[in-house]
Amino acid sequence: MALRVSILTREYPPLIYGGAGVHVGQLVAQLRPITAAVDVQCLGEPRPGATAHLEDFPPGANPAFRVLGADVAMAAAVPPVDVIHSHTWYANLAGHLAGLYRHLPHIVTAHSLEPLRPWKREQLGGGYELSLWAERTAFAGAAAVIAVSAGMRRDILQTYPGLDPEQVQVVHNGVDTTEFQPDPDNSQLLAWGLDPDRPLVVFVGRITRQKGLVHLVRAAEQFDRETQLLLLAGAPDTPEIGAQFAAAFDHLKTAGRTVVWVPEMVPRRLVRQALTQATVFACPSVYEPLGIVNLEAMACATAVVASAVGGIPEVVVDQTTGLLVPYDPARADDPDQVQAFETGLAEAVNTLTRQPERAQAMGQAGRQRCIDHFDWAAIARQTVAVYQQAIETFQSR
């Protein structure tokens, strides 16, 4: 069967800021050669290869209301296809509505779960309740749900116990190992004022509670003094997390540590250079369904120190491609756990910066793991298999 697919998403290249956008961009590119047609509906500004819908209605409303307004426009724009596939709550309701309207199976890929991100109340206010409702409604009506990790699948079934477990299937995220590969150019490192002869820890991600950056900055006070820290971190999600980060960052600078914060969005080629030059890539997330950025670091042959949450242990093999640090999301407010986590991050980083040969070996093992297990072409084929099964089940009802 020559499938026609409509992909519904908030992010689409070149305007992407997170793992879901990377996933969609790579998936669409791999689906096009193996399907009859791939339509893309996205939110935001117009861009090539997609139909874009501005989040501008109702004017002046809470951002969540404007997302839902754009979702209605997106659903109405879906052309005749065989299957609809939405990504994140921002587009889930559009997929649900389009599936109802056209009587088609709607597939959801779960990149995260809104009930497990309560800190978004700070960002969305009452709109967070709308995001919960949109996700819950879409999941309940979906013909199939794709989890990006086995850990995410467990979370889905626990959060939405009414789902049929057979409908929830695991298809991992991937990484383009031709784009992310070791890059020996250290000119940007020098431009940022960093010393290529000293150990370097790199973080890439958003300043949000989910990514745990504040924990890493606090942990850095326990790094060996010669270790440098580079933060490629965009603007804070909320003033509250921004203030926490700023306080931790200023305290680290006052302590005389070498830390560089690059607040603007960095081109992917420079991210690749930073990841390659790093002795260690740090991922201190307190919630992470998979963590594509860990794959990108591994593909650049860099060892990873990460929290052992969500799908991260399915990517980072402890003691082989990096080191994992225990963290229990259920104890997020326990100061003893927070202190232990930050100390654990520091100890893991120090272990690898003191043993550069071990870190290099882990980096090489990580790149090979990416090549062997996280190829986007294979992931696209697995996704098509989910489509076909969902269509057959939907048509037999």
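Hi everyone, this is a short walk through one protein structure, from its overall build down to a few single residues.

A word on the model before we start. It is a predicted model, where local features need pLDDT of at least 70 and side-chain atom pairs count only at pLDDT 80 or more, while totals for chains, interfaces and linings use all residues. Residues are numbered from 1 along each chain as its sequence is written, and side-chain values use heavy atoms, with hydrogens and water left out.

Let's begin with the whole protein. Its secondary structure comes to 15 helices and 13 strands; these are DSSP runs numbered from the N terminus, with helices being H or I of at least four residues and strands being E of at least two. The C-alpha atoms fill a box of roughly 60 × 45 × 40 Å along the principal axes. For 397 residues, a compact globule would have a radius of gyration near 21 Å, and the protein agrees, with 21 Å. That radius is taken over C-alpha atoms, and the globule rule is 2.2 Å times the number of residues to the power 0.38.

How much of the protein is buried? Of the 397 residues, 56% count as buried. Buried means under 20% relative accessible area, exposed means over 50%, and partly exposed lies in between, using a 1.4 Å probe and protein chains only. As for contacts (heavy atoms within 4.5 Å), take those between residues at least 6 apart in sequence: 69% of them join residues at least 24 apart.

Now to the inside. A nonpolar core here is a set of buried Ala, Val, Leu, Ile, Met, Phe, Trp, Tyr and Cys residues joined through side-chain atoms within 4.5 Å. The largest one has 87 residues, and Ile156, Leu230 and Leu231 have the most contacts inside it. Please find Ile156 on the screen: setting aside neighbours within four places in sequence, Ile156 is in contact with Ala110, Leu113, Phe139, Val145, Ala147, Leu163 and Val168. There is also a second, separate core of 26 residues, which includes Val24, Val38, Ala380 and Ala390.

Eight of its eight residues are buried, so α11 is largely enclosed by the rest of the structure. Among them are Ile292, Asn294, Glu296 and Met298. Just after α11, Ala301 takes a positive phi of about 65°.

Not counting residues up to four places away in sequence, Asn92 touches Ser86, His87, His106, Val108, Ala134, Glu135, Ala138 and Phe139.

On a 1 Å grid over the protein atoms alone, a cavity is a set of points where a 1.4 Å probe fits but cannot get out, and a pocket is an open set with protein on both sides within 12 Å along at least five of seven lines; lining residues have an atom within 4 Å of a point. Grid points are joined across faces, edges and corners, and a volume is the space filled by probe spheres set on the points.

The second largest pocket holds about 660 Å³. It has 27 lining residues, and the closest to its centre are Trp119, Val286, Tyr327, Pro329 and Ala332. Helix α6 gives the largest share of that lining, five residues.

Which residues line the largest cavity? They are Trp119, Lys120, Glu122, Gln123, Thr208, Arg209, Asp237, Thr238 and Ile241. This cavity has a volume of about 40 Å³, and helix α4 supplies the largest share of its lining, three residues. The second largest cavity has about 30 Å³ of space, and α1 and α11 each supply at least two residues of its lining.

Last, some backbone details. A cis peptide bond joins Pro13 and Pro14, with omega about 5°, and Pro14 lies in the loop between β1 and α1. The bond from Phe57 to Pro58 is cis too, with omega near -5°; Pro58 sits in the loop between β3 and α2.

Two residues other than glycine also have positive phi. His103 has phi near 55°, in the loop between α3 and β5, and is exposed, with a relative accessible area of 61%. Gln319 has phi of about 75° and is partly exposed at 47%.
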